[in-house]
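Let's take a friendly walk through a protein model together. Have a look at the fold first, and then read on.

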Amino acid sequence: SLAALNEPSVVDVAPFANNIRDRVASFATSLMFRYPRARIWNGRCLLSTLRCQGTSLWWYTEMSEKSALRGPFLGQLYSVAMVLEVLRRTPGIDEIWLDLEDRDLSDAFGNEVLGIPTKDCHDGSLRPGLKKRISRRLVPSLISRTLKLAFDQFVLIVATRASRIGRVESSDADVLLYSRYPAVWDDAFSGRARDRMLGRLPKELAKRVSTSFMVWLDLSPLTFLRKVRAIRRDLCRCRSAAVQREIGIGEVGGILGLGRFLQLLTADRDLKWMRIGFGGVDVSCLIRREFRRSICSPELGKYQLVAAGLRRFVRRARPLVVLHTMEFQPVEKAIWFGTRGYANRIGFQHSTVGRYITSYLFASGEVGHILAHQQNPIEMPLPDLLLTSGAYAREVLTRQGFPENRVVDCGAVRYDHLASERLRDRASSRRGLSLPIEGVVVLVTLPLITEEEAGRFVATAVEACQGIPNA
């Protein structure tokens with residue numbers, strides 16, 4: 001136990017935390033460029049093995065987004081990098097004791113790291129056999145989650161047609177705005193609902209061209225049946241078509257097809273032959289586990305249906321432009337695939353861009369490779385134009401290889417109402433928020449983090465403001 005050690009010490013990882021994040025971001029972006037294209041078995045790669053309906057299912061997996069919000073993989077890489085950095089900076093370590101609830105991470109560390117033995121704090125050694133247990137769970141999980149998705153979407157397809165919700169027989173709209181209802185709408189089910197992600201873009205566009213919405217009904221069948229009248233009011237008010245109305249029953253059956261299941265299982269089997277190291281630690285089991293989590297996610301089948309529904313609608317309605325929010329997520333790739341060849345695609349970057357927001361980061365040469373292979377149906381598609389919320393996001397994208405004439409800074413239109421708020425009487429605004437009339441007020445906006453992390457973040461922000469006069 002630790003009590004038996006003489007003079008135990010604590011290593012503060014804060015001084016080199018940024019260095020660790022840089023290594024993880026660099027490794028993750030490089031990995032997601034090489035991984036799906038690497039020849040694994042019999043000349044096959046993931047992109048070709050997962051070829052389906054003129055594209056590759058790889059781009060619909062959550063893993064392809066390389067986001068820390070999608071799964072545990074990036075956090076696991078950070079843990080590995082942190083242990084390696086501590087070992088490098090602290091010579092003379094005889095044993096590594098691990099106290100991990102994450103058994104996948106324990107598997108990655110194995111029985112030694114860089115020649116130093118590892119021990120599990122619970123039983124003295126790492127427990128074997130986890131990979132076999134995961135393998136036994138893969139097929140039942142894949143089947144059960146896909147069945148539930150197919151059932152839910154079948155009910156929504158039938159219900160939207162029966163209730164005439166989201167019905168647009170034809171559309172003369174120049175601009176089709178893609179959205180998700182009610183997930184990203186304010187005041188949903190009220191008759192006054194509006195998309196909050198696009199900001200004032202819909203309103204400004206409507207002054208110049210004809211517009212309409214194409215919404216994915218992101219709710220359960222039970223909620224739909226309970227709220228059907230309210231949903232009809234909201235969608236009619238915004239002249240919205242529903243993606244589910246455009247999806248054929250056969251396409252729902254397609255995600256239940258035996259061929260699709262065999263494709264996913266073949267890709268998983270092929271990955272057994274791939275070995276990938278990170279700083280001397282074999283992280284192949286973490287990568288394969290993340291791939292399994294992604295193919296079992298119902299999001300995979302959902303994005304296939306999004307692409308199919310959009311394709312059928314734009315072939316009939318022929319809008320000039322399809323505009324949508326963009327974070328390089330799988331759903332956006334479904335939009336690009338579904339509308340390719342039928343309309344111009346414009347992606348609106350609306351969320352945070354930073355050094356460690358890896359969904360916006362690409363490996364060296366990756367963007368050039370993608371642009372050079374846009375005619376290859378299994379390569380990642382791209383929008384025809386990217387709108388950015390500020391100069392910094394534009395700089396990040398163009399620095400990585402996006403052509404400057406395809407990236408336009410449109411300003412922070414999602415939050416421009418905050419600028420107009422500043423023009424109001426300052427004193428009355430502060431009184432309304434119970435804030436001091438004088439002094440500096442700092443607005444701290446928090447991402448999706450835990451309460452503990454939020455507390456540390458606010459404490460850091462307060463400390464940083466100490467040097468500001470009158471703060």
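Contact means heavy atoms within 4.5 Å, while helices (H or I, at least four residues) and strands (E, at least two) are DSSP runs numbered from the N terminus. With that in hand, helix H14 (residues 330-339) lies across S6, S13 and S14, running at about 170 degrees to S13. H16 lies across S14, strand S15 (385-388) and S16, at about 165 degrees to S16.

This is a predicted model, where local features need pLDDT of at least 70, side-chain atom pairs count only at pLDDT 80 or more, and totals for chains, interfaces and linings use all residues. Residues are numbered from 1 along each chain as its sequence is written, and side-chain values use heavy atoms, with hydrogens and water left out.

**The whole chain**

The chain has 19 helices and 16 strands. Its C-alpha trace spans about 75 × 70 × 45 Å along the principal axes. Of the 471 residues, 49% count as buried; buried means under 20% relative accessible area, exposed over 50%, and partly exposed in between (1.4 Å probe, protein chains only). Among contacts with a separation of 6 or more, 72% come from residues 24 or more positions apart.

**The sheet**

Strands of a sheet pair through backbone hydrogen bonds, either parallel or antiparallel. Here, seven strands form an open sheet in the order S10-S9-S6-S13-S14-S15-S16, with parallel pairing; two strands pair if DSSP finds at least two bridges between them. Strand S10 (240-242) and S16 stand at the edges with a single partner strand each, so one side of each has no neighbour in the sheet. On average, neighbouring strands of this sheet are turned by 30 degrees against each other, direction ignored. Three bridges join strand S6 (residues 175-181) to strand S13 (residues 321-326), and Leu177 has Leu323 as its bridge partner in S13.

**Aromatic rings**

Rings of Phe, Tyr and Trp (its six-membered ring) pair if their centres lie within 6.5 Å; planes under 30 degrees apart count as stacked, over 60 as edge-to-face and the rest as tilted. By this rule there are 11 aromatic pairs. Two of the edge-to-face pairs are shown here:

| Pair | Centre distance | Plane angle |
|---|---|---|
| Phe328 and Trp336 | 6.2 Å | 75 degrees |
| Phe362 and Phe402 | 5.6 Å | 70 degrees |

The second pair links distant parts of the chain, 40 residues apart: Phe362 is in the loop between strand S14 (344-349) and helix H15 (366-372), and Phe402 in the loop between helix H16 (391-399) and strand S16 (407-409). Phe328 and Trp336 are buried, and so are Phe362 and Phe402.

Which residue lies over the face of Phe362? Lys66 does, at 4.7 Å from the ring centre. A charge sits over a ring if NZ of Lys or CZ of Arg is within 6 Å of the ring centre and within 35 degrees of the ring normal.

**A buried isoleucine**

Ile157 lies in helix H5 (residues 130-163). Is Ile157 buried or exposed? Ile157 is buried, with a relative accessible area of 0%. Leaving aside neighbours within four places in sequence, Ile157 is in contact with Gln244, Ile247, Ile249 and Val252.

How values were computed:
Axes fitted to C-alpha atoms, helices over the stretch in contact; angles between N-to-C directions.
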